[in-house]
Amino acid sequence: APVDRVFSGIQPTGVPHLGNYLGALESWVSLQDQYSSVLYSVVDLHAITVRQDPAALRQNTLDATASLLACGIDPSRSVLFQQSQVLEHAELSWILGCLTSMPRLCHLPQWKMKSRQKSQGSVGLYTYPVLQAADILLYRSTHVPVGEDQVQHLELAQDIARAFNRQYGDLFPEPRALLSSTRKVKSLRDPTAKMSKSDPQRLATVLLTDSPEDIALKFRKAVTDFTSEVTFDPEGRPGVSNLVAIHAAVSGASVERVVEEARGLDTGQYKQLVADSVIEKLRPVRDEILRLRAEPGYLRGVLVEGSDHARQLAAPVLSSVRHLLGF
Ligand code: ADP
Ligand code: NA
């Protein structure tokens, strides 16, 4: 039986935000205690599906690395690496792409969304789910922490693993989803949309490097409604419910408990309370990101070592793939 192995990746598109932290990075850290083999990749091949400035990409790769380390990813327990430095990802992606039918790819919801948004998009913007499958299968990964929006992509990876095994011989375990139990963090300016790096609205997104003053301001300006009481009703009152959900996630308490604690506060006072809890939670993370950012040589060293390690794991798997294919 294959060993349990966790794989996940984050795009180097800037410093992660509070949604990334609560929805993904926090659980990535605890998975280090639960699994003996854990890989986290800064997936820069995924970042070039849209145009990238090379200097910014280089900086963003280091920022993502600093952020993962600051959150608690420990390079002695996790293989923390840069995707583009392990050439096997690209080769396996091509091979798996040849096992994937166009209709299967076009059925993914992201495909439909993207073709509506930008018909001028690159080929990579459409085929990146195949690269994701390669990222996962290259390490014969068994568990993949994902958000709900990524479940269909993981199903594609499962389908591709099955198709490969059927056609060429049993090689890949079917990777299973480790679904995040955290509710999606919403934009502070439009609580019907998720908090996202690409949100053009100022004040909508809390970055892990935001100063306490920035965080306080963003929560002060958070969109709520005209009811001053604090209740949890995501459909009817998305704004204040987002604050409650953030507060619960940050403090590790239940939503009920948090609402109980907020009894007697109006939403204005409550925003300040939530801001304070976020500030305290992020303070050590922010301090550590800022410290590590000043040490680019150290960050590069971590990535070089991690990428060497990842390559050692990937090479024998790709070599089996090549042999099975007849190369
Ligand atoms: P973004 O969606 O901001 O571009 P990524 O796609 O790089 O961020 O997501 C990295 C991880 O963070 C994924 O596991 C994703 O599910 C999670 N994530 C992203 N945005 C949120 C959010 N608003 N709330 C909770 N989790 C999120
Ligand atoms: Na995402």
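Val 185 touches Leu 18, Gly 19, Leu 22, Gly 23, Lys 194, Met 195 and Ile 246 once residues up to four places away in sequence are left out, where two residues are in contact if their C-beta atoms, placed from the backbone, lie within 7 Å. The model is predicted, and local features therefore need pLDDT of at least 70 while side-chain atom pairs count only at pLDDT 80 or more, although totals for chains, interfaces and linings use all residues. Residues are numbered from 1 along each chain as its sequence is written, and chains are lettered from A and ligands numbered from 1 in the order in which they are written.

Val 185 is placed in the loop between strand 5 and helix 9; helices (H or I, at least four residues) and strands (E, at least two) are DSSP runs, numbered from the N terminus. Val 185 counts as buried because it has 23 C-beta neighbours inside 10 Å, given that a residue is buried if 20 or more other C-beta atoms lie within 10 Å of its own, exposed if 12 or fewer, and partly exposed in between, with C-beta atoms placed from the backbone.

**Helix 10**

Helix 10 (residues 238-251) has 14 residues, and at 1.5 Å a residue these should span 20 Å, which agrees with the 20 Å between its end C-alpha atoms; the expected span is 1.5 Å times one less than the number of residues. Because 12 of the 14 residues of helix 10 are buried, the helix is largely enclosed by the rest of the structure. Among the buried residues of helix 10 are Gly 239, Asn 242, Ala 245, Ile 246 and His 247, and what covers the buried residues includes helix 1, helix 11 (255-261) and helix 12. Helix 10 is followed by Gly 252, which has a positive phi, near 75°.

**Helix 9 against helix 12**

Two packed helices are described by the angle between their axes and the distance between the axes. For helix 9 (residues 212-220) and helix 12 (residues 267-293), the axes come within 9 Å and cross at roughly 150°, the axes being lines fitted to C-alpha atoms, for helices over the stretch in contact, with angles that run from 0 to 180 degrees between N-to-C directions. On the side of helix 9, Pro 212, Ile 215, Ala 216, Phe 219 and Arg 220 take part, and they meet Lys 271, Val 274, Ala 275, Val 278 and Ile 279 in helix 12. The residues of this contact divide into 8 nonpolar, no polar and 2 charged.

**Positive phi and individual residues**

Most residues other than glycine have a negative phi, and most peptide bonds are trans.

| Residue | Other C-beta atoms within 10 Å | Class |
|---|---|---|
| Arg 140 | 21 | buried |
| Leu 203 | 17 | partly exposed |
| Ile 10 | 19 | partly exposed |
| Glu 91 | 17 | partly exposed |

Ile 10 is placed in strand 1 (residues 6-10), and, leaving aside neighbours within four places in sequence, Ile 10 is in contact with Pro 16, Val 42, Val 43 and Ala 64. Glu 91 is placed in helix 4 (residues 88-97), and its C-alpha atom is separated by 46 Å from that of Ala 216, 125 residues apart along the chain. Ser 319, found in helix 13 (residues 296-325), counts as exposed, with 12 C-beta neighbours inside 10 Å. Ser 319 and Glu 88 are 231 residues apart in sequence, yet 9.6 Å apart in space, C-alpha to C-alpha.

Notes: Nonpolar A, V, L, I, M, F, W, Y, C, P; charged D, E, K, R; others polar.
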